[in-house]
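Reader: I would like to go through a pocket, a strand and some ring pairs, one at a time. Please give the general idea before each case.

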Amino acid sequence: MPELPEVETVCRGLALHLPGKKIMQVILRRKDLRLPLPLHMEKILKGRVVQHISRRAKYILLHLDGGHVLIVHLGMSGAMVLKERPPETYRTHDHVALIFKDGTTAIFHDPRRFGLMLLATEKTLPSHKLFSHLGPEPLDKSWGVTQLCAILQSSKAPVKSVIMDQQKLVGVGNIYACEALFLAGVHPTRPANIVTKNEATKLAKAIKQVLNAAIESGGSTLRDYVRSSGDAGYFQHHFKVYGRQKLPCLICKKTILVIRQSGRSTFFCAHCQK
DNA sequence: CGGCGGTCCTGTCAGC
DNA sequence: TGCTGACAGGACCGCC
């Protein structure tokens, strides 16, 4: 899926076009996403005006008038693409379309249906089941080495699993976990609680750096991720370890390895990461 | 309780 | 060419 940078890129695209626009029509082509679409979603959304767009973790939030919030998660394969006009025909896996008064159409497309769309209100959002357990945002000014040290010390799990744990720290998925650990020179299988202060300092910096760089590049496009414009992101060209198994490390030239950790592929350089 | 593995679903690609 | 199995950016749930 889209990790934090991809979701942030989508939000920025939506924020450019949707605020102030009124939803005139809601097309539900398929309701069984990861969770079923809310009952009466159509009725609640129709006539609402988009106030602003925000992001929390990997969730896109469309803030509507009347205090309603449309929550969108892209899962592994989801996209929110904007069109200037409603399309003549929809593609397979275009599950929901929001048609605005000026014709602008936002299409939620998600082949694997791991994504979701839910409704909440500004009041209920913080205590919403999906949101109440989320950890801090790594790009917040208030997040840094102190916060990272605290979560690392509290767990013996592999450091990679810990930085991917959305309860401890949001937004870091498989790609950016691999990349950040490489940048910091930390071996992904190290028990989190034996990572030193010095290494944690590098890792906190690496996490911010790689997420910010990816946002700058419009995210990473591997298979089906696209920005709201429909364009691909470019950060995949900057990967230093992700997907580079058997290729030489860009720093030391030794071979990049791939292992499985909790069912996910981990790419790393055994020489540069200790 | 923490941590891991299985699971949801479809598409794609490598290998036979 | 065609089939089969493995794997893919996430995250919930249940089991140990």
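Reader: Which helix and which strand each supply at least two residues of the lining of the second largest pocket?

Author: Some conventions come first: this is a predicted model, where local features need pLDDT of at least 70, side-chain atom pairs count only at pLDDT 80 or more, and totals for chains, interfaces and linings use all residues. Residues are numbered from 1 along each chain as its sequence is written, chains are lettered from A and ligands numbered from 1 in the order in which they are written, and side-chain values use heavy atoms, with hydrogens and water left out. On a 1 Å grid over the protein atoms alone, a pocket is an open set of points where a 1.4 Å probe fits, with protein on both sides within 12 Å along at least five of seven lines; lining residues have an atom within 4 Å of a point. Helices (H or I, at least four residues) and strands (E, at least two) are DSSP runs, numbered from the N terminus. Here the two elements are helix H1 (4-17) and strand E5 (79-83). H1 gives the largest share, five residues.

Reader: What volume does this pocket have, and which residues are closest to its centre?

Author: A volume is the space filled by probe spheres set on the grid points, which are joined across faces, edges and corners. For the second largest pocket that comes to about 290 Å³. Of its 15 lining residues, Gly-13, Leu-16, His-17, Ser-228 and Ser-229 are the closest to the centre.

Reader: How many aromatic pairs does the whole structure have?

Author: A pair of aromatic rings is described by the distance of the centres and the angle of the planes. Rings of Phe, Tyr and Trp (its six-membered ring) pair if their centres lie within 6.5 Å; planes under 30 degrees apart count as stacked, over 60 as edge-to-face and the rest as tilted. The search finds five pairs. Phe-235 and Phe-239 have ring centres 6.0 Å apart and planes at 70°, so this pair is edge-to-face. Both Phe-235 and Phe-239 are buried.

Reader: Why is the pair of Tyr-242 and Phe-267 edge-to-face?

Author: Because the planes are at 65°, with the ring centres 4.9 Å apart. Tyr-242 counts as buried at 19% relative accessibility, and Phe-267 is buried at 7%.

Key
Buried means under 20% relative accessible area, exposed over 50%, partly exposed in between (1.4 Å probe, protein chains only).
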